[in-house]
Amino acid sequence: MCGIVGLFAKSPSLEAHVGALTAQMLAVMGDRGPDSAGFAVYGADTGRLKLTLRSPDAAARDGALAALAARFGEVRPVRRDTHIVVSVPERDEIAARALLAESGVAVVGAGRRMELYKEVGRPEAVAAAFDLPAMAGTHAVGHTRMATESAVTTRGAHPFSTGPDQCLVHNGSLSNHNGVRRMLVREGIAFETENDSEVAAGYLTFRMREGASLEEALTAALADLDGFYTFLVGTRTGFAVLRDPIACKPAVMAETDDYVAFGSEFRALAGLPGIEDAHLFEPEPGRVYAWERPE
Amino acid sequence: MSYFDLADRPLRELNAALHALPVDTNDTHWNVENPAGRHAIACGLTVPITVDLKGHVGYYCAGMNKDADVTIRGNAGVGVAENMMSGRVTVKGDASQSAGASGRGGLLVIEGNAAARCGISMKGIDIVVKGSVGPMSAFMAQKGNLVVFGDAGEALGDSLYEARLFVRGTVASLGADCVETTMGDDDRAALAAVLDEAGLADPGDFRLYASARSLYHFKVDNLDAY
């Protein structure tokens with residue numbers, strides 16, 4: 001099964017509540033996927049590169065922080081449970097990643113605005129552990145997982161991020177991911193897992209690297225990815241939805257002057273402000289829906 | 001009249017109360033507030049009561065309905081009125097996928113649009129959609145009438161048996177073994193009866209789609225397979 005949710009603020013007044021509303025939507029979708037949960041929040045752009053680091057080992061996290069601080073000076077660490085968000089000058093990304101590879105902590109997300117958290121457990125517990133309700137941002141995506149294609153591990157939890165400020169959550173299963181992964185590896189896209197959803201994320205990263213817009217990348221995905229899917233994708237400024245051409249997996253959207261919201265089921269949207277007057281619709285199969293905001 | 005607020009009391013309590021009603025109950029009208037997209041509301045009713053749901057509902061609302069008249073004042077999730085036996089279900093808004101799936105009788109009226117696979121495997125139910133229906137509607141439909149005032153998506157009536165599909169708007173494409181056919185007197189009478197039951201006037205320009213009956217009849221050419 002799996003549940004996915006997303007919120008894209010159109011009005012600045014909503015931005016302070018994006019974390020709280022996403023947490024509430026995720027918790028409602030817990031029935032669709034109690035194994036693990038994750039989310040990405042697009043916060044303020046500080047002009048530096050944010051790296052979200054994850055390790056279950058506190059000593060490894062401390063070691064990584066010490067190594068980063070010794071090399072780059074102040075990295076502004078924000079600790080949340082098993083994750084730490086640090087920031088480094090953008091030009092230092094390769095050096096920072098090399099240092100982190102030696103320290104044994106995983107880089108789960110990178111970008112100027114995106115922070116990404118995932119862990120095993122029920123979504124309300126995961127959201128609370130990372131204090132999602134207190135986070136602000138312009139948009140966020142979340143996922144609650146019922147594992148089908150790979151083990152119940154933090155690595156197998158969504159969102160998957162394969163490019164800067166890019167992330168994807170997926171409900172469904174792909175059938176041609178091994179072939180697509182081989183093609184993408186040849187093109188230099190790196191994968192951390194054997195998961196089918198990570199391949200979808202990598203495919204979009206590849207297309208956007210080649211110059212496609214988010215909307216164009218998803219349109220191309222219709223031809224190249226085979227299987228069941230509802231994808232919800234975040235980029236630094238964008239938010240998009242695509243369902244497979246026979247709409248195997250559910251999706252409901254709500255749009256008001258203040259936001260665009262996505263839920264696997266309407267229940268997830270029922271608690272949003274102004275939902276009574278929202279334009280409610282089911283995204284049509286095989287059609288790309290995308291929203292962009294200014295930088 | 002009974003009043004039930006799902007914001008205050010659990011859904012199981014509502015369904016249990018509805019299931020406990022005797023067939024000759026005097027408690028014949030139920031207003032239900034705050035459905036909030038919950039699943040399986042007012043499922044499995046077997047008595048002639050009316051249930052008014054004031055908002056959007058989740059999956060399988062009014063499924064297996066017998067004799068009851070259920071109105072949804074909002075949108076319905078997947079499988080509204082699935083496997084309905086008799087009675088009536090009205091959706092004031094849109095319906096998600098598989099509305100009226102495998103229904104055996106009764107009337108389902110959707111005042112908005114229905115998504116994919118509306119009337120899949122219908123077995124005698126009548127379905128009226130005032131808007132449009134999505135792709136693969138009436139897939140493997142066996143019996144009953146699907147009346148669509150708007151358009152139909154791709155592969156309408158794929159692998160159809162003996163249901164009648166009346167569509168007023170455009171049909172994106174027909175599924176395997178589904179063909180447009182001429183309306184006979186019995187077809188006209190069936191359409192009139194369904195519209196009359198739904199309380200709607202016939203604008204007069206429906207077209208009929210039905211099975212070419214070439215898929216489900218044995219062909220002697222295939223004798224070698226046995």
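**A walk through chains A and B**

A:Pro159 sits in the loop of chain A that runs between strand E8 (139-145) and strand E9 (160-163); strands here are DSSP runs (E, at least two residues) numbered from the N terminus. A cis peptide bond, with omega about 0°, links A:His158 to A:Pro159.

Before going on, note that this is a predicted model, in which local features need pLDDT of at least 70 and side-chain atom pairs count only at pLDDT 80 or more, while totals for chains, interfaces and linings use all residues. Residues are numbered from 1 along each chain as its sequence is written, chains are lettered from A in the order in which they are written, and side-chain values use heavy atoms, with hydrogens and water left out.

Now to the meeting of the chains. Twelve residues of chain B and 14 residues of chain A take part in the contact (heavy atoms within 4.5 Å). Together the chains bury about 940 Å², 52% of it on carbon and sulfur atoms; this is the accessible area (1.4 Å probe) lost on putting the two parts together, summed over both. On the side of chain B that touches chain A, four residues are nonpolar, six polar and two charged, with Gly counted among the polar ones and Asp, Glu, Lys and Arg as charged.

Chain B has a backbone detail too. B:Asn83 is not a glycine, yet has a positive phi of about 55°. Look for B:Asn83 in the loop between strand E4 (69-72) and strand E5 (88-91) of chain B.

Key. Helices (H or I, at least four residues) and strands (E, at least two) are DSSP runs, numbered from the N terminus.
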